[in-house]
Amino acid sequence: MKYTYLDKSLNEINDKVVSGERLGFEDGIALYKSNDLIGVGYLADYVRRKLHGKKAFYVYNQHLNFTNICLNRCLFCAFSRDDGEKDAFALSIDDVRSRLMERINEPVRELHVVGGLNSSLSFDYYIELLNTIKEVRPDSTIKAFTAVEIDHIAKVGGLSIEETIAELKKAGLEMIPGGGAEVMSDRVRKKLFPRKIDSNRWLEIMEALHSAGLTSNATMLYGHIETLNERVDHLIKLRELQDKTGGFTAFIPLAFHSQNTRLSHLPSTTAFDDLKNIALARLMLDNFSHIKAYWVMIGERLAQVGLSFGADDLDGTIIEEKITHMAGAKSAKGLTRAQMEHLISSAGFTPVERDSFYGKIG
Amino acid sequence: MNNLDKIIEKAASNERINSSEALTLLNEAELLTLAELANKKRQHLNPEPVVTFVVDRNINYTNICISGCLFCAFYCPPGHADAYVISKKELKEKIEETLSLGGTQILIQGGLNPSLSLDYYIDLLKFIKDNFPVHIHGFSPPEIAFIAEKSSLSLKDTINKLIDAGLGSIPGGGAEILVDEIREKTSPNKCSVDQWLEVMKTAHNCGLRTTATMMFGHMEKPEHIIEHLMKIRNLQDNTGGFTAFIPWTFQPDNTRIKVEKATSVEYLRVLAVSRLFLDNIQNIQASWVTQGDKIAQVALVFGANDLGSTMIEENVVAAAGVKFRLPKEEMIRLIQDAGYAAAQRDCFYNIIVAVHGLKLEIGK
């Protein structure tokens with residue numbers, strides 16, 4: 001690499017990155033603290049190019065949020081409601097079917113299905129939900145239920161995690177989104193999401209899913225009350241599990257949006273922090289294949305720049321994104337395939353439409 | 001070493017690059033390479049780790065315009081239901097509010113309104129100067145050329161009369177792309193390249209400082225962008241009167257040019273090449289008005305050392321469907337988060353208020 005680091009502490013990290021040596025906790029902290037944004041970008045871009053060259057992926061997908069009723073009521077969430085509250089909803093299986101039929105003429109490859117922990121939905125509801133999606137969209141991949149929901153579904157069904165996963169898999173579940181990990185810190189959990197499963201349980205469920213042959217994503221929600229140490233710890237925990245199972249496909253840094261949440265006094269994340277989180281993920285998670293620049297959260301503009309800071313995937317076309325928009329996201333609610341390809345190619349990369357497992361479409 | 005690497009080396013060693021070298025960089029260099037080169041140039045020209053901004057508002061005294069440029073969503077033809085000329089009462093209120101918010105200047109611009117004479121402009125300037133201690137950054141070259149022609153005066157006499165009435169500096173608008181072949185398509189009734197440059201040259205010779213701008217992402221090609229930069233650099237070699245250069249992207253909504261909007265990566269590339277090529281212009285401004293706060297912050301490592309105005313009011317870009325907001329406090333937060341000290345400046349880039357809580361000493 002030819003870059004002359006303005007931040008000299010990056011020289012040592014550069015040597016490790018070039019020789020393929022794994023970065024440690026202190027390296028992660030140094031990268032987060034560095035103001036040499038271009039330097040951090042260079043390092044991440046080096047790794048990204050070795051793995052993916054000029055390719056940048058996206059998926060033609062549809063989001064389906066089947067309920068916003070949630071027992072957890074995490075402080076950072078603008079989407080959830082109590083049962084009986086105004087705006088609270090739970091889609092019937094017929095509703096789900098008609099949501100899918102509304103877009104049946106589109107080439108949707110992946111359905112991203114997540115919801116709240118709604119105690120009035122039975123175990124059979126989840127099975128029927130998957131069956132229905134599979135029936136209406138036999139050729140699309142169902143990516144559904146975060147680890148937090150899997151834990152809840154197991155409780156509702158009175159089954160072990162392993163049994164639950166086996167049933168869901170039989171009904172059509174193929175992949176699990178990475179949400180619900182937030183920041184794996186007991187301190188943050190106590191303050192922001194005390195009712196949600198803790199990090200050990202989240203990791204346990206991910207491990208069980210991977211053992212059952214399902215792949216999953218992983219995420220980190222940043223930009224609220226977490227410390228840099230907690231962020232780096234989080235990444236290292238994910239890396240350790242990935243060493244063990246190899247079941248994670250992509251990592252997605254999630255920028256916190258405070259509007260309409262009980263943390264609305266917090267400012268938005270900055271572009272420097274957003275790009276650093278992408279770059280850090282690429283550098284620390286040496287055993288993850290893909291890092292996403294999630295345009296819903298950081299905006300199409302910055303996500304495009306993120307392709308040069310370690311990201312190789314812009315996630316999906318989506319249409320109708322709800323969760324982040326209820327928290328004040330200013331991004332579009334969906335992108336067309338042409339817009340997605342234009343973003344990628346005008347940034348100097350080659351667009352690749354993919355399926356859920358990063359197979360090329362067409 | 002291939003051609004691109006040679007050019008990168010030349011730019012990195014602070015040598016002046018020529019048009020064809022700039023075009024190669026714009027077309028072929030990696031995004032982060034452009035950032036590295038532009039940031040290095042920024043540090044060479046502005047070594048203090050300070051990012052400046054100005055507190056002001058845009059006042060559009062009239063939206064009546066006979067130019068009818070295809071890229072404009074703001075103007076009204078004479079007689080249109082929405083056509084207006086600002087009243088003194090409204091003008092007074094806007095300036096009072098600006099000053100109460102810590103503002104130091106107003107940017108006053110409008111359309112080419114055939115019913116306004118030189119006396120109108122002189123009266124407007126005098127009214128402001130008689131009532132308020134505020135700097136007037138006003139009237140872009142197409143307006144100045146229009147006023148001069150209407151009054152049958154030379155550019156020099158026109159500008160001197162405006163200076164006497166209180167004009168403090170001229171904004172660099174109306175440049176769009178300084179290539180006549182492009183202007184004939186996008187703005188056939190607007191001043192030509194030579195006229196634009198002549199107004200700026202005359203203003204500089206009369207002792208008035210100005211900025212220069214470029215609006216790209218419509219009908220031009222990369223070579224036209226470089227040609228534009230070359231014309232600005234040549235004039236600056238001659239006069240030294242430009243304080244800053246401000247590139248921004250065309251916003252197509254509600255206009256008669258139907259193109260895909262230039263993306264942020266394209267913006268950052270042009271910004272970086274501008275910083276490299278315009279080695280004789282001290283300041284480069286990021287355009288948060290067209291790019292939003294996130295890309296404006298990233299622009300600070302792509303050569304920009306100034307975030308422009310807090311823009312208490314902005315109408316022209318908003319009319320084309322883009323409305324970002326960036327209050328002063330937020331601007332300061334973004335600057336500090338990027339590792340720079342934030343400072344409020346005047347129109348001539350003198351620091352007037354250094355923001356508290358600076359980690360870095362300002363050496364001014």
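These legends describe close-up views of a predicted model. Local features need pLDDT of at least 70 and side-chain atom pairs pLDDT 80 or more, while totals for chains, interfaces and linings use all residues; side-chain values use heavy atoms, without hydrogens and water. Residues are numbered from 1 along each chain as its sequence is written, and chains are lettered from A in the order in which they are written.

**View 1. Overall build of chain B.** Chain B holds 14 helices and eleven strands. Helices (H or I, at least four residues) and strands (E, at least two) are DSSP runs, numbered from the N terminus. The radius of gyration of chain B is 20 Å, close to the 21 Å of the globule rule for 364 residues, so chain B is as compact as a globular protein of that length. That radius is taken over C-alpha atoms, and the rule is 2.2 Å times the number of residues to the power 0.38. Along the principal axes, the C-alpha atoms of chain B fill a box of roughly 60 × 50 × 40 Å.

**View 2. Burial, contacts and surface of chain B.** Of the 364 residues in chain B, 60% count as buried. Buried means under 20% relative accessible area, exposed over 50%, and partly exposed in between (1.4 Å probe, protein chains only). Among contacts in chain B with a separation of 6 or more, 74% come from residues 24 or more positions apart. A contact means heavy atoms within 4.5 Å. The accessible surface of chain B is about 13800 Å², and 49% of this belongs to carbon and sulfur atoms. Areas come from the Shrake-Rupley method with a 1.4 Å probe. Chain B carries 37 positive and 44 negative side chains, with the centres of the two sets 2 Å apart. Lys and Arg count as positive, Asp and Glu as negative; His and the chain ends are not counted. Each charge is placed at NZ of Lys, CZ of Arg, CG of Asp or CD of Glu.

**View 3. B:Ala341 in its strand.** B:Ala341 lies in strand β10 (residues 341-345) of chain B. B:Ala341 is buried, at a relative accessible area of 2%.

**View 4. Aromatic pairs.** Over all chains, the count is 19 aromatic pairs. Rings of Phe, Tyr and Trp (its six-membered ring) pair if their centres lie within 6.5 Å; planes under 30 degrees apart are stacked, over 60 edge-to-face, the rest tilted. The rings of A:Tyr125 and A:Tyr126 have centres 5.7 Å apart and planes at 90 degrees, so this pair is edge-to-face. Both residues are buried, A:Tyr125 at 9% relative accessible area and A:Tyr126 at 1%. In B:Tyr121 and B:Phe139, the ring centres are 5.3 Å apart and the planes stand at 90 degrees, so this pair is also edge-to-face. B:Tyr121 lies in helix α5 (residues 118-131) and B:Phe139 in the loop between β4 (135-138) and α6 (141-151) of chain B, so the pair ties together parts 18 residues apart in sequence. B:Tyr121 and B:Phe139 are buried. Ring pairs also link A:Phe66, A:Tyr125, A:Tyr126 and A:Phe145 into a cluster.

**View 5. Positive phi in chain A.** A:Asp87, not a glycine, has a positive phi near 75 degrees. A:Asp87 lies in the loop between β2 (61-65) and α4 (93-102) of chain A. With 48% relative accessible area, A:Asp87 is partly exposed. A:Tyr358 has a positive phi of about 65 degrees. A:Tyr358 sits in the segment after β10 (350-354) of chain A, and is buried at 13% relative accessibility.
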